Amino acid sequence: MTKWINKGSKPTRTGFGEGVKAAASKNDMIVGLGADITTSVGMHFFADTFPERFFSLGIAEQNAIGVAAGLALSGKIPVFSTYGVFAAHRAADQIRISLCYNNLHVIIGGAHAGISVGPDGATHQALEDIASLRALPNMTILSPCDATQAFISVQKAVEELKGPVYIRFGREAVADFTAEDQDFKIGKAHRMRKGDDLCIIATGHLVWEALQAAEKLADKGIEATVINMHTLKPIDKDSIIEAAKKFSRIITAEEHQITGGLGSAVAEVLAENHPARLLRIGMKDRFGESGKAEELLAKYQMDAEGLVQQIVRWINS
Amino acid sequence: MQTFYNQAFEIRKLILESLSEAGSGHTGGSLGLADVFAVLYHKVLRHNPLKPGWNERDRLVLSIGHVAPVLYATLAHAGYFPVEELKTLRKLGSRLQGHPGRDFGLPGIELSAGSLGQGLSVALGMALADKMDNRSRRTYCILGDGELQEGSVWEAIMAASHHQIDNLCAVVDRNGLQIDGPTELVMKLESLTDRWKAFGWNVISVDGHDQTALIEAFESAQKTREKPTVILAKTIMGKGVKSIEDDYRWHGKAPSKEQLAVFLEELKNSRRYD
């Protein structure tokens, strides 16, 4: 069985930022837009290398999305990165009409995803961004599990998509464990671990936590399959249905509200195709708070130990 | 100077006919912009109705998508598509959506828009791309005055002057009315001149029905460097149909079949010739 090794912890925002720079060095059409928090959202790699293609637009996300739409209508490939909360909520109408209705190839970086944003607290922890964006026609949503995959997500978003894409990533350094030469297909989930008892479908940072949880479960005699759902829209129905046919228990794990995100997407596929028992792990209809990333992940039972506890409790209930 | 009042008359006629056929839609603002559109499409814009995708064309972004009838009438009259098709306005399967939609394939539509406060940002992005590429084409954006109550518009206004986007020209349809009544009662906008100037724009105020003044304003905008230009076009909602002029109740209403005959008569009586 594949043993996943942390090559060295690294923030997914760094993977995203380095990915934008790498893509831009191959493609002149890429233009960067900034909303004041350039370094924080990983865009400084690009901005420092290609200053003539980077435009500061100030703290004005609604305008930035519109500008991105206009650039795209002129053949550019704009990348606008900001905190997920501001992209998905402040600029929601601009994303709906100027981007999605016009179906324009714009890459939105959704930074500071999840509770692991930490001390900044509830205002800056993107926990409803997937829910807000998942219902929009033409939108693609990527949620890479580590810095390597974040890097690759950008290349794929530039090369393979024609419409708007939201790439979701986090703040803190997390395990960087996937291979640089991985076979990454938008819309096709990765099975990371094989086990016969239950299936954990995780996304983003919680993929690593789910893998660690699976090892702990194995110590208790429970073998878990772990799936990395790196694409949240379009969701990989086939992988979910296949899991439902094999396992009577499915668990979703995401740094997001359990409504509207991965948990809901999986529930929809299960209910319509092959019902299975489902446990949704994530934020349970409440806002976050301040604290260290690891403290918050532990408190809301989204770290490996928390996943194990929730899963064992569910099995025994 | 050559004027285009005959074209404006034809455009107004087509607006009334298409709206009456549709049975719903925005009559007042559409009529009010007919002179601006006649001047734009017959004098100012570099465009070719036979090649709507021409790469060097100037681009017009209609931020106030609800006045789609004036855009559709102008495009059809200019030869982008058959005038007959105006009869499909707002109907199922039509390329003439209630608010413009690119997806539906109507030639000459640059942007799907209609949610207020978005168009200027998009126009700014288009103009910015042209600056990056050293292209000479220009971008125009038609805004409503009530639309200026949307905060996002001021984000775009700020950004356009910051980046010295002088290939961008905004036109504000300053008819002073919105759905709930006079703009100054709903949410005060004046002094618009001072406000745009304070944000770093070149501001030109004109009578939006004086075509000579409009043409001069557009020419002045073209010559202005390092600043975007806004033309505050003072218009009369419902212009050309005396009985509904300046009546905010005609913002979002279409003439019935009976009203159409009366309105067309009024239009003829107030007609101005070149």
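This is a predicted model: local features need pLDDT of at least 70, side-chain atom pairs count only at pLDDT 80 or more; totals for chains, interfaces and linings use all residues.

Q: Why is Glu226(B) called exposed?
A: Glu226(B) has 10 other C-beta atoms within 10 Å, so it is exposed. Its phi is near 70°, a positive value in a residue other than glycine. Glu226(B) sits in the loop between helix 9 (211-223) and strand 7 (229-234) of chain B; helices (H or I, at least four residues) and strands (E, at least two) are DSSP runs, numbered from the N terminus.

Q: What makes Gln164(B) partly exposed?
A: Gln164(B) has 14 other C-beta atoms within 10 Å, so it is partly exposed. Phi of Gln164(B) is near 55°, again positive in a residue other than glycine. The loop between helix 6 (151-162) and strand 3 (168-174) of chain B holds Gln164(B).

Q: Why is strand 4 of chain A called largely enclosed?
A: 7 of the 7 residues of strand 4 (residues 77-83) of chain A are buried, so the rest of the structure largely encloses it.

Q: How do you know that strand 4 of chain A pairs with strand 5 (residues 107-111) of chain A?
A: Two strands pair if DSSP finds at least two bridges between them. Strand 4 and strand 5 of chain A are joined in the parallel sense by 5 bridges. One bridge partner of Phe80(A) is Ile108(A) in strand 5 of chain A. Strand 2 (residues 30-34) of chain A also runs parallel to strand 4 of chain A, with 4 bridges. There, Val31(A) has Pro78(A) of strand 4 as its bridge partner.

Q: How do you know that the span of helix 10 of chain A agrees with its length of 12 residues?
A: The expected span is 1.5 Å times one less than the number of residues. For helix 10 (residues 262-273) of chain A, that should be 16 Å, and the end C-alpha atoms are 16 Å apart, so the two agree. The buried residues of this helix are Leu262(A), Gly263(A), Ser264(A), Ala265(A) and Val266(A).

Q: Which residues is Leu124(B) in contact with, leaving aside neighbours within four places in sequence?
A: Two residues are in contact if their C-beta atoms, placed from the backbone, lie within 7 Å. Among those that pass for Leu124(B) are Val67(A), Gly70(A) and Ala156(B).

Q: How many residues does each chain bring to the contact?
A: Chain A gives 21 residues and chain B gives 21 residues. Helix 3 of chain A gives the most to the side of chain A that touches chain B, with 9 residues.

Q: Where is a cis peptide bond with omega of about 0°?
A: One joins Lys233(A) and Pro234(A). Pro234(A) lies in the loop between strand 12 and helix 9 of chain A.

Technical notes:
Residues are numbered from 1 along each chain as its sequence is written. Chains are lettered from A and ligands numbered from 1 in the order in which they are written. A residue is buried if 20 or more other C-beta atoms lie within 10 Å of its own, exposed if 12 or fewer, and partly exposed in between; C-beta atoms are placed from the backbone.
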